[in-house]
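Please read it alongside the sequence and the coordinates.

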Amino acid sequence: MSEIKSNVEQILSGLPEGVCLVAVSKTKTIENILEAYNFGQRIFAENRVQELIAKKDFLPYDIQWHLIGHLQTNKVKYIAPFISMIQSVDSLKLLSLINSEAKKLGRTIDCLLQFHIAEEENKFGFLFNEAVEAISSIEYKEMKNIRIRGLMGIATFTNDEQQIRKEFRSLYANYLKIKEMFFFDNNSFSVLSMGMSDDYSIAIEEGSNMVRIGSKIFGVRK
Ligand SMILES: *Cc1c(COP(=O)(O)O)cnc(C)c1O
């Protein structure tokens, strides 16, 4: 059995029920992706629009593509026709653009709000109060072609397990608060995307139900 297949198998066998595996295929080839696909994996994620567009037409149509990288507003139109979920929504402006592109296509696009939980400055995302402000806005209430499914966050790149745990814990707390404040009667707000190759076990312990795993499936990126 190829390494990719056995990696997926091993990861899946360790995931608790209800935790969804997103295979992060950035920088990886069509052949690599097909190996995981042939093992049954259907959800894949890329962080760059250009790369996603270049690959997807060579791959089966039943793949559910997620975008996990910072999305520039002028690129929304390229992915709006097919994207299954945009995990990296980091502003009301972007949400509004996704909504209008989705409306043109007569579809609804699932989104996660990306929260800034890391210490690093260079990571994108909402702070709690900013997200509350966005979801409370009239502009948001008028958006009929997007669906906020939950939150996403990236922990600080560090070996300090306590730091990572603390960040995941706070994201989980924010997820519950946002759910209670705005989506208590809405079952579709149910996704907490946190955890990557090196920290997904901690993330699951802290409440994650969607993990985004790249190098542990496909090998390290160059
Ligand atoms: C690259 C990436 C991942 C996967 O990282 P690995 O450490 O290779 O598992 C997950 N989430 C985001 C947002 C990424 O950019």
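## A glutamate in a strand

In which strand does E46 lie? In this predicted model, E46 belongs to strand β2, which covers residues 43–46. The relative accessibility of E46 is 0%, and E46 therefore counts as buried, the cut-off being under 20%.

The side chain of E46 forms a polar contact with the side chain of K55, at 2.7 Å. When residues up to four places away in sequence are left aside, E46 touches S25, K26, T27, I33, E51, L52, K55, W65, H66, L67, I68 and G69.

## An alanine in strand β1

A23 is located in strand β1, made up of residues 20–24, and because its relative accessibility is 0%, A23 counts as buried.

Although A23 and G214 are separated by 191 residues in sequence, their C-alpha atoms are 5.8 Å apart in space. Not counting residues up to four places away in sequence, A23 touches Q41, I43, F44 and A45, as well as I213, I217 and F218.

## The packing of α1 and α2

Helix α1, spanning residues 3–14, packs with helix α2, spanning residues 30–38, at an angle of about 45° and with the two axes 8 Å apart. The two helices, α1 and α2, are therefore oblique to each other, and α1 passes α2 in a right-handed crossing.

On the α1 side the contact is made by I4, K5 and V8, and on the α2 side by N32, E35 and A36. The residues of this contact between α1 and α2 comprise three nonpolar, one polar and two charged.

Conventions
Residues numbered from 1 in each chain as written. Predicted model: local features only at pLDDT ≥ 70, side-chain atom pairs only at ≥ 80, totals over all residues. Heavy atoms only, no water. Axes fitted to C-alpha atoms, helices over the stretch in contact; angles between N-to-C directions. Helix = DSSP H or I, 4+ residues; strand = E, 2+ residues; numbered from the N terminus. Parallel < 35°, antiparallel > 145°, perpendicular 65-115°, else oblique. Left-handed = near helix turned anticlockwise from the far one by under 90°. Contact = heavy atoms within 4.5 Å. Nonpolar A, V, L, I, M, F, W, Y, C, P; charged D, E, K, R; others polar. Buried < 20%, exposed > 50% of the residue type's maximum accessible area, 1.4 Å probe, protein only. Polar contact = N/O pair within 3.5 Å; in protein donor to acceptor, adjacent residues only side chain to side chain.
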